[in-house]
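Me: Please take me through some features of the structure shown below, giving the criterion behind each term as it comes up.

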Amino acid sequence: MPRALWTVWALGAVISLSKEGSLSQASLSCDPSGVCDGHSKSLTSIPAGLTAAVKSLDLSSNKITFVGHGDLQECVNLETLMLRSNGISMIEEDAFSSLSCLEHLDLSNNHISNLSSSWFRPLSSLKSLNLLGNPYRTLGETPLFSHLTNLQVLRVGNPLTFNGVQRIDFAGLTFLEELEIDASNLQSYESHSLKSVQNISHLILHMRQPILLLEIFVDVLSSVEYLELRDTNLNTFHFSELSIGEMTPSIQKFTFRSIDITDESFNEVVRLMSYASELLEVEFDGCTLNGVGNFQASQLYKIKIPGKLETLAIRRLRIPKFYLFYDLSTVYSLMEKVKRITVENSKVFLVPCSFSQHLKSLEYLDLSENLMVEEYLKNSACEDGWPALRTLILRQNHLTSLERTGEVLLTLKNLTDLDISKNGFHSMPDACRWPEKMKYLNLSSSRIKSVTSCIPQTLEILDVSNNNLNAFTLKLPQLRELHISGNKLMVLPDASFLPTLSVLKISRNAISTFSKEQLQSYGHLETLEAGGNNFICSCELLSFAQGQPALAAVLVDWPQAYLCDSPAHTRGQRVQDARLSAAECHRAALVSGVCCALSLLALLTVGLCRRFHGLWYLQMTWAWLRAKRKPRKAPRGDVCYDAFVSYSEQDSAWVENLLVQELEDLHPPFRLCLHKRDFVPGKWIIDNIIDSIERSRKTVFVLSENFVRSEWCKYELDFSHFRLFDENDDSAILILLEPIEKKAVPQRFCRLRKIMNTKTYLEWPEDPARQQAFWANLRTAIKS
């Protein structure tokens, strides 16, 4: 019994594990190229069932604590493995043994306290390794990376427990594009530990205190091109001299990111940089200056600034005591040879005129996201200030007048490029004055509603994107590039105003179409960016866009940004893929064809109607329908005539002189209904006929050649008799005044022809002796 229970438990465990594995696998989403995303899926282990088809596996931000030797065994083609921000504390020695193709491995922000070289030994293809944020104290007693000959990016350390760098840590690494070391809590640094890496393109050091900074600096001075120092408090930084021997410095860029500094330590930082004789660029990003700008000029004059320093960038500088700040005269001597300066988002509202005049080599100045206004800009761009300046960027300041801005900058004789975007200009005057050499002007996101001749005619590049323009009719003969995206234009600008235009960016406007002729009108157009508009996918546009394979060379955002807005059935489709029916594409021809066909049909119908009396049949049908609505027989009280006489007008003499006298002069007389005498005036003739027939017991038809040739063609009379032409109806009396061949009766009177074939009719005799018998038979027929 216990054995059976054990078996059942084992089977249950296997089923449970298999279900768990299938659930884990189901939580992954993999595309056909082998990229699998398991990010933030609450996984507790690496999913089972991974195969060689997987090339990229992202399992970041889960709850995985263990990586076993079989978890990734089948992933022999895996190139990227992301395991950051899990709870990994244990990795088996051969967990990565099959990952010889792995190029990117991220194990950052886990709970790994001890690193093993056996993990990395099989990873011969590894290019990027991230071990940041794990609680190890050192990188171990043996070299971890000596077998990673292809490694280009390495990130190690953590802000709390990592406290020592050893000489063996980076053994075997000769070249790194980027090395990041989080040594915020560094307490020991073994001399020459970083010197073994012969070339590091970019070294990032996180250090809270600069205690060991000088030792590291000396080690990397001749092997690092770009040194970045982060999160360091340099308020008390001080040193006497550095012994660099005869080494050749290679540092070209120095960045201080999130650094605290004082007036006094600033001098020390400048002195440190002076050892980097090849230094070209210095950057301060997110730093705090705990001082007032009193940089001790006497000491700065003694410092030999690298003669190659050309670029200075200051971003997001915070100065708590800014209201007490000095005039920067102490740093004038440091800046005379600088060519490029960026002071961004640092609450600058004024550059003193004297400082501007000392910036004799300055060619590029970026004062974006500051507090500059026209009044103080005038003091900054004073006479002889910034004499060599070619590019000025005043993006997102507080400028409000284009006219005033242009006048202020007239002192800058060499200015060619001006960026005053994201200011609040709103309107544009009709005329402005600008520096004579202006070639580039950026007025994007400035809330302007129209462009005028205020724009300098010398421009080669104009950016008026993201404004409220609904037209562009300005003539700029030298303009090569026009950036006008994000406005309200409905058509492309007139090419005759822009004869040299080669680049036009007009996306996100209200343009619905453009044609081959429009594009050809731009004689030098090489690049057109017109996506993001609401295109009406007409046949003309589709024919042009889809019939020009070379169009893709001009439309840089083709085809993904070109979507149809109408017709409705094409909305959201790419212009390249949209299709219209032949009826939509040839609507005019189709309408013309239909009209022609209808006209021909109408002519044919009229011809057929004339030939086969179609109109007569229609009129007869209408009369017949009206007659059908009448009661079959009139009530007896409504019968007031013995007979209704139907005859041809040409036979009226016989009817009035003979028939009427013979029948109405009798005693008692017959009451006859004649249309001349008894029809109600003003009443429709059809109604008169139908009413007369219904109020008469008999209907007498006086037939003759005249009747057949003319009166039978009058539908008002003839078709009304249809209700009487019934084989079982004897109310009709036919009088034949003269012989009529049945063939002479028109085919359309088929009922009459049939009655003449089946009923007896009275013939008017020419012999007077027989006429009395005729009248007697007629009276008898009427009375019956």
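Predicted model: local features only at pLDDT ≥ 70, side-chain atom pairs only at ≥ 80, totals over all residues.

Reply: Residues are numbered from 1 along each chain as its sequence is written, and side-chain values use heavy atoms, with hydrogens and water left out.

Me: How many disulfides does the count come to?
Reply: A disulfide is a covalent bond between the sulfur atoms of two cysteines. Here the criterion is a pair of cysteine sulfur atoms within 2.5 Å. By this rule, the number of disulfides is four.

Me: Which handedness does the disulfide of cysteine 30 and cysteine 36 have?
Reply: The sulfur atoms of cysteine 30 and cysteine 36 lie 2.1 Å apart, and the two residues form a disulfide. The torsion about their S-S bond is about 115 degrees, so the link is right-handed.

Me: How many residues apart in sequence are the parts tied together by cysteine 353 and cysteine 382?
Reply: These two cysteines are joined by a disulfide with an S to S distance of 2.0 Å, and 90 degrees about the S-S bond makes the link right-handed. Helices (H or I, at least four residues) and strands (E, at least two) are DSSP runs, numbered from the N terminus. Cysteine 353 lies in helix H7 (residues 353-358) and cysteine 382 in the loop between helix H8 (374-380) and strand E22 (391-393), so the separation of the parts in residues is 29.

Me: Which handedness does the link of cysteine 537 and cysteine 564 have?
Reply: Cysteine 537 and cysteine 564 form a disulfide with their sulfur atoms 1.9 Å apart, and both residues are buried. With -90 degrees about the S-S bond, the link of cysteine 537 and cysteine 564 is left-handed.

Me: What is the orientation of H16 and H22 to each other?
Reply: Helix H16 (residues 652-664) and helix H22 (residues 768-783) pack with their axes 10 Å apart and at an angle of about 70 degrees, where axes are lines fitted to C-alpha atoms, for helices over the stretch in contact, and angles run from 0 to 180 degrees between N-to-C directions. Angles under 35 degrees count as roughly parallel, over 145 as roughly antiparallel, 65 to 115 as roughly perpendicular and the rest as oblique. The orientation of H16 and H22 is therefore roughly perpendicular.

Me: Which residues does valine 451 touch, not counting residues up to four places away in sequence?
Reply: Valine 451 is placed in the loop between strand E24 (440-442) and strand E25 (461-463), and at 13% relative accessibility this residue counts as buried. Contact means heavy atoms within 4.5 Å. With residues up to four places away in sequence not counted, valine 451 touches Met428, Val464, Leu469, Phe472 and Leu474.

Terms used. Buried < 20%, exposed > 50% of the residue type's maximum accessible area, 1.4 Å probe, protein only.
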